[in-house]
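Here's a quick briefing to keep beside you while you look through the fold. Have the structure open and follow along.

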Amino acid sequence: MKFRQAYWDEPLLNELSRPGRVGTSVPSDPKVASRFADPASLVPASVRRGSVDLPELSELQVLRHFNRLSQMNFSVELGMYPLGSCTMKYNPKVSEALAGADQMKNAHPLQPAETVQGLLSIFYELERSLSEVTGMHRFSLSTAAGAQGELAGVLMIRKYLREHGGAGRDEILVPDSAHGTNPASAAMAGFKVVKIPSDASGQVRASAVRDLCSDRTAGMMFTVPNTLGLFEGEVAEVCQAVHSAGGLMYYDGANMNALLGRARPGDMGFDIVHLNLHKTFATPHGGGGPGAGPVGVAKKLADYLPVPVIAKKKGVYGLDYGLPHTIGPLKGFVGNSAILLRAYVYIRLLGASGLADVSSLAVLAANYLWKSLDPEAFPASQGGGLVRKHEAVVSVKSELPGAALTVAKAILDYGMHAPTVYFPLIVHEALMLEPTESEPVEMLDEYAAALAEIYRGMKDGTLGPVPKNTSVGKIDEVKASHPMTLRVHW
């Protein structure tokens, strides 16, 4: 007999199945039981299957199976999740409760606007709150997650310039430390990407931007603070340089958790902003979505926003599809409504002072964790002793190939999530750590101690293959990153 070695060694349901085993019971009352005597009769014959080969299990077996599967999932509710540039913070349960309320669950996007005035009023207030937080004039909430917000931004740049004599402007400037979606979004919109090199400190200099600007410059995509966790000290000068060349400035808001309530992109000179509500504003982020990436603009671009936008006329809320210069809809209806509602609740919970506390604590946590690491084992990347913002990027000092990946796999055995690895690309053997404001100091100490122990094991050769204690061991990275060839025989 094969024995289960650990809770994660869980067989499939069809392997547990035994003929005749049942996990349901029909009510004994004849009046009630008659309704359930032949459930198949409730399904029209034209769409009824001849047989349904489902596992035959007891209720307890099913319960145990899915509980074991749930224990195999990692989440921020189980441990620290310092996935750099992703802001995996705690999600307040009151936000979850309200997003799951009947008024939210049962709303339908095709309902007449007069039947969902309460929900539309919330989205209208959310739009105004996001405008205040970023210094923008107006937002469209419809775009789904950051990459689509980026695409909306560069499409607005393209259309605005074409309508204002800039049809020949076909270049977007992108720093070498940018998120990979930046050059991808620019290319999808038909622009040529011009890379701006970071200097030795890991920052973009206005002089480098001025050297690359020309009459072909449409704009620049800029992340502040950058992916190294460093505030771009010449951001105002960079914006001025691009504007002087006739271009527009786009702010990648993935790292807004560092500035929340403390600084506004609009005040720095940006024309367009996207925000990741599923990061900065505490929506569950793990597991692949859904997300929300509202995009905001300065006043001159307000009519170019993707539609619909939330409108309020004579006290009545509705969806406005009639912006005269809109780039059109990028997603159906208002967007991912439950994500928008969670963000609204989060903002109302914290208020202005609470949002500022979020960024202060996030910056403090990132710097505390960074300073807790041995600088000989995990030397700082570019930036030297400069204060980090919401995240810190270090290198793994080792002669072993794939050292950062080894550290990431090994820390899983401690019941902790790995940091982001090998990003930004300009950092050798990079670990990108973002603890967020959610983590107590004890957790930061524990994480730093685990990294130190892993490094000692790597150095003296005692670490061995990792991970050891997870449900799945280290996969074949080459096989996983290459498409499989499918052979079909007719």
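Strand 4, helix 10 (residues 235-244) and strand 5 form a right-handed β-α-β unit. Keep in mind that this is a predicted model. From that unit we'll move on to the aromatic residues.

**Around strand 4**
- Strand 5 (residues 248-253) runs parallel to strand 4, and 5 bridges join the two.
- Methionine 221 stands opposite tyrosine 250 in strand 5.
- Strand 2 (residues 171-175) also pairs with strand 4 in the parallel sense, over 3 bridges.
- Look for isoleucine 172, whose bridge partner in strand 4 is glycine 219.

**Aromatic pairs**
- The structure has 7 aromatic pairs.
- One of them brings together tyrosine 160 and tyrosine 304: the ring centres are 5.5 Å apart and the planes sit at 70°, over the 60-degree cut-off, so this pair is edge-to-face.
- Tyrosine 160 is in helix 7 (residues 145-162), while tyrosine 304 is in the loop between strand 7 (295-297) and strand 8 (309-313), so the pair ties together parts 144 residues apart in sequence.
- Tyrosine 160 counts as buried at 14% relative accessibility, and tyrosine 304 is buried too, at 3%.
- Elsewhere, ring pairs link Phe222, Tyr251 and Phe270 into a cluster.

**Charges over a ring**
- Tryptophan 370 has the charged end of lysine 371 over its ring, 4.4 Å from the centre.
- Arginine 388 also lies over the face of tryptophan 370, at 4.3 Å from the ring centre.

Note on methods: Residues are numbered from 1 along each chain as its sequence is written. This is a predicted model: local features need pLDDT of at least 70, side-chain atom pairs count only at pLDDT 80 or more; totals for chains, interfaces and linings use all residues. Side-chain values use heavy atoms; hydrogens and water are left out. Rings of Phe, Tyr and Trp (its six-membered ring) pair if their centres lie within 6.5 Å; planes under 30 degrees apart count as stacked, over 60 as edge-to-face and the rest as tilted. Helices (H or I, at least four residues) and strands (E, at least two) are DSSP runs, numbered from the N terminus. Buried means under 20% relative accessible area, exposed over 50%, partly exposed in between (1.4 Å probe, protein chains only). A charge sits over a ring if NZ of Lys or CZ of Arg is within 6 Å of the ring centre and within 35 degrees of the ring normal. Two strands pair if DSSP finds at least two bridges between them. A crossover is right-handed if, with the strands pointing away from the viewer, the path from the first strand over the helix to the second runs clockwise.
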